[in-house]
Amino acid sequence: MPANSEWDLVIIGGGATGLGTALDAVTRGLKTLLVEQSDFAKGTSSRSTKLVHGGVRYLAQGDIGLVRRALKERGLLQLNANHLVHKEEFIIPCYSWFSLLKYLIGLTLYDWLAGKYSFGKSKLYSKDETLALMPGIKSKGLKGSIRYFDGKFDDARLAINIAQTAIEKGAILCNYTKVTNLIKNDQGEVTGVEILDTLTGKQATATGKVIINATGVFVDDILKMNDPQTKKLVRPSQGVHVVLNKDFLNTNAALMIPKTSDGRVLFAVPWHEYLLVGTTDTPLNEHDLEPRALKEEVEFILDTASEYFNKAPQQRDILSVFSGLRPLAAPTNSDQNNTKEISRDHKLIVSSKGLITITGGKWTTYRSMAEETVDLAISHAQLKATDCITSNLPIHGCHAFKSDHYLDIYGSDRSEIEKLLNQYPEYNKPLHPDFPDTEIQVLWAVKQEMAKTVEDVLSRRLRILFIDALAAKQMAPKVAAILASELQHNQAWAIEQVDSFNKLADGYLYAPQKIELAG
């Protein structure tokens, strides 16, 4: 990126919304820059429940419009990123005849709302059929189950592939580039940003006809740069997930618990040969790039799972625990702790002349949110642009393999990685005995996926930290050595990287933390 440059759009934030906006903008012919203070998808966008879905919970709340839009976007995502988005069978176990009837009717409506983008019809299973499909489920009192289909994906991998697609179309995307201030003209209009390269310490400015604030739970930090007196736009809500061995349910189907003791929905989803269980919904007063799970959140997940699993999971069974903060639109009612009253839909606001803020929403609808954001930017600044084309635009890597190879998640890049391995056969070594991943994937992440640190590789390019934190710590020295060699860092840098990553990974090994709750 030039030290001082001019753009049509400058997008702040490298999560799902920012990346989607960059892709939408550049494919309409707009000169586009995106800056992210850390790594792409470092925050909320790598910490989801890994579902591409319409939202059964939102259907129960009567938000038909949101569900319909999300189901359409689910279908488009499956078409445009078929190497990462897959149809998943979900089972709702029912312990009363009324529940069987209620969920069958509700999910039949869910299927109908999907229209031509349907993933399959819902079906009623008997008790015996349910136990055959999901042998780890409790059988006492079980009447049967409802089967329905939704989507499953790898969130951070999709973020990287969207970034690659935007770059291929001509956008400039910079990770580890922090906005330190907004630039204004004499009329008080926002005309650019001051930025800091956090790896080198270099500073620069970038001017833009429109600045897009797509920073998730950090949107208020940017808004305060514009107006220190501005009211908070978002309320962080923490979602916690724990990862267990897959044998707790011993199935390829996902479990959906539609109503827990406090009214939340809980999922147990097979993911990368392990079992992801979550999520919670806890309002907080603070936001952080590395939020930590509350003791009561982990206990809630384990206790709820124990009500449905034959084998009750214990704290010692947790391989990794991670937290994400949802940027929910702040509530206006008197009950500030009721996250059920906080909108799950997105908000799009002209915060000031030249500054547009997009917040809220969900991963599934990132594309349509981006389209709306760019539409507003075009009309706001009278930009010359073509129509949106992203509904039919394949994402980088889009190519579905029918094999069960560990490199299939890279889609069309699988063959490129195999070519790289032929060039560097010495990298055909496993990173850990419990995982199929090899050193060549680390080299690929550095050369082709903008990975700069051990955390980038093990957290978001390979996902090991989110699956087994101890295994990730054991891989760290090998990863650091490859990074140091490729990026021309010395041994001291590699040692510091391992030390820094180990401290980070310790937070993913279950250890209760005290965090100030909202109140």
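Where does Ala41 lie? Ala41 is in the loop between β2 (32-35) and β3, where helices (H or I, at least four residues) and strands (E, at least two) are DSSP runs, numbered from the N terminus. Before I go on, please keep in mind that this is a predicted model, in which local features need pLDDT of at least 70 and side-chain atom pairs count only at pLDDT 80 or more, while totals for chains, interfaces and linings use all residues. Residues are numbered from 1 along each chain as its sequence is written, and side-chain values use heavy atoms, with hydrogens and water left out.

Let me stay with the backbone for a moment. Most residues other than glycine have a negative phi, and most peptide bonds are trans. Ala41, which is not a glycine, has a positive phi, near 60°, and because its relative accessibility is 2%, Ala41 counts as buried, a word that here means under 20% relative accessible area, with exposed meaning over 50% and partly exposed in between (1.4 Å probe, protein chains only). Gln382 likewise has a positive phi, near 55°, and sits in the loop between α9 and α10 (413-423), but Gln382 is exposed because its relative accessible area is 66%. The peptide bond from Gly278 to Thr279 is cis, with omega near 15°, and Thr279 belongs to the loop between β14 (274-278) and β15 (282-283).

Next, the empty space. Rolling a probe the size of a water molecule over the atoms shows where empty space is left. The work is done on a 1 Å grid over the protein atoms alone: a cavity is a set of points where a 1.4 Å probe fits but cannot get out, a pocket is an open set with protein on both sides within 12 Å along at least five of seven lines, and lining residues have an atom within 4 Å of a point. Grid points are joined across faces, edges and corners, and a volume is the space filled by probe spheres set on the points.

The buried residues of α3 include Leu66, Val67, Ala70, Leu71 and Asn80, and what covers the buried residues of α3 includes β3 (51-52), α2 (56-60), α4 (97-114), β6 (144-152), α6 (155-168) and α9.

We can turn now to the second largest pocket, which holds about 1100 Å³ of space. This pocket is lined by 36 residues, with His86, His272, Glu273, Asp404 and Ile409 nearest its centre. The elements giving two or more residues to this lining are β4 (86-94), β13 (266-271) and α13 (464-467), and the largest share, three residues, comes from β4. By class, the lining of this pocket has 15 nonpolar, eight polar and 13 charged residues.

Strand β13 also contains Val269, which counts as buried because its relative accessibility is 0%. Leaving aside neighbours within four places in sequence, Val269 is in contact (heavy atoms within 4.5 Å) with residues including Thr49, Phe90, Lys152 and Tyr274. Thr260, in the loop between β12 (254-257) and β13, is buried because its relative accessibility is 8%.

Finally, the cysteines. A disulfide is a pair of cysteine sulfur atoms within 2.5 Å, and by this rule the count comes to zero. Cys398 is in no disulfide, and the nearest cysteine sulfur, that of Cys388, is 17 Å away.

Definitions and conventions: Ala, Val, Leu, Ile, Met, Phe, Trp, Tyr, Cys and Pro count as nonpolar, Asp, Glu, Lys and Arg as charged, and the others, Gly among them, as polar.
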